[in-house]
Amino acid sequence: MPPSDWNASLYDQAAHFVTDYGKALLDDLKPQAGERILDVGCGTGHLTQQISASGATVIGIDSSQNMVETARSTYPEIEFVQADAAHFEFADPFDAIFSNAALHWVSNAKGAVVSMARALKPGGRFVIEMGGKGNVSILVGGLFQAFQEMGLGEVGHRWFFPSIGEYSSMLESEGIEPTLAWLFERPTPLLGESGVRDWFALFGDAIQTTVPKEEFERAVERAESILRPQLYKDGVWIADYRRLRIIGRKIS
Ligand code: BEZ
């Protein structure tokens, strides 16, 4: 999940679309009154609250203390716990596990799958969406090209954007049977002329580089010129998001 010093208010301003798009995933979750549901990587808790509005008892977990504190103060009636998605345990199992736009931050993907499978009741539902294979490859590729042109050395990223096959086989090996899986393009508008710069300012902690901040910012400026022909349309920056959505059930 995002770094522990994640800026919750900046995140809510610049990445409100995470919650907006996540609402569609609630239709797949179909939370019911009386169910016990876990929201993994709940961020500032807006979707957790919408699950709770169905009458389910929901717990939100996030690795970021800032996110958890913001979620608790916004929705004091809901339980939020600071926990690492790759290493968590609850005494009582859940009827469903939900996660939106969080699991690509967990580099120990196996640990996350093991923790989620352990937390589900037999027959429990599994409903997640994350960045999938090829996610933001143009956007991040523009930055990598800028690094290369500017001679800034090696650059990589820490996100995990799996294919359907890769994530499904991990789930199956932990007793979660995927019943539906999609990998689909979801072009995502970024706010304002500074959309690309803001995106890298907010999420760039996952970019692996040793260059100082000023050099990084110069590379982002160069990336804007590289990316403009592909990602700037009618005055709006459009990020090349690809989502992996998986619906499944715990079978053993
Ligand atoms: C995503 O939701 O796909 C995403 C968000 C921030 C950084 C990388 C990917």
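**Entry 1: the ligand**

I began with Arg-243: an N or O atom in the side chain of Arg-243 is 2.6 Å from an oxygen atom of the ligand. I counted such a pair of N or O atoms as a polar contact when the two are within 3.5 Å. The model is a predicted one, in which local features need pLDDT of at least 70, side-chain atom pairs count only at pLDDT 80 or more, and totals for chains, interfaces and linings use all residues. Residues are numbered from 1 along each chain as its sequence is written, and side-chain values use heavy atoms, with hydrogens and water left out.

I then looked up Asn-135, whose side chain has an N or O atom 2.7 Å from an oxygen atom of the ligand. For His-104, I found a polar side-chain atom 3.5 Å from a ligand oxygen atom. The ligand taken alone exposes 260 Å², and the protein buries 98% of that; the areas come from the Shrake-Rupley method with a 1.4 Å probe.

Which residues are around the ligand? I listed His-104, Trp-105, Asn-135, Trp-159, Phe-161, Trp-199, Phe-203, Tyr-241 and Arg-243, a residue being included if one of its heavy atoms lies within 4 Å of the ligand. By class, I noted six nonpolar, two polar and one charged residues in this shell. In this scheme Ala, Val, Leu, Ile, Met, Phe, Trp, Tyr, Cys and Pro are nonpolar, Asp, Glu, Lys and Arg are charged, and the others, Gly among them, are polar.

**Entry 2: the seven-stranded sheet**

I traced an open sheet of seven strands with mixed pairing, in the order S3-S2-S1-S4-S5-S12-S7. Its edge strands, S3 (79-82) and S7 (176-185), each pair on one side only. Strands (E, at least two residues) and helices (H or I, at least four) are DSSP runs numbered from the N terminus, and two strands pair if DSSP finds at least two bridges between them.

Strands S5 (residues 120-131) and S12 (residues 242-250) pair in the antiparallel sense over seven bridges. I noted Ile-246 in S12 as the bridge partner of Ile-128.

Helix H7 (residues 164-173) packs on the sheet and touches S5, S7 and S12, contact meaning heavy atoms within 4.5 Å.

**Entry 3: the three-stranded sheet**

I also found an open sheet of three strands, ordered S8-S11-S10, with antiparallel pairing. S8 (188-190) and S10 (232-233) are its edge strands. S10 pairs with S11 (residues 236-239) over two bridges, and Tyr-232 stands opposite Trp-237 in S11.

Notes
Axes are lines fitted to C-alpha atoms, for helices over the stretch in contact, and angles run from 0 to 180 degrees between N-to-C directions. A polar contact is a pair of N or O atoms within 3.5 Å; within protein, one must be able to donate a hydrogen and the other to accept it, and residues adjacent in sequence count only if both atoms are side-chain atoms.
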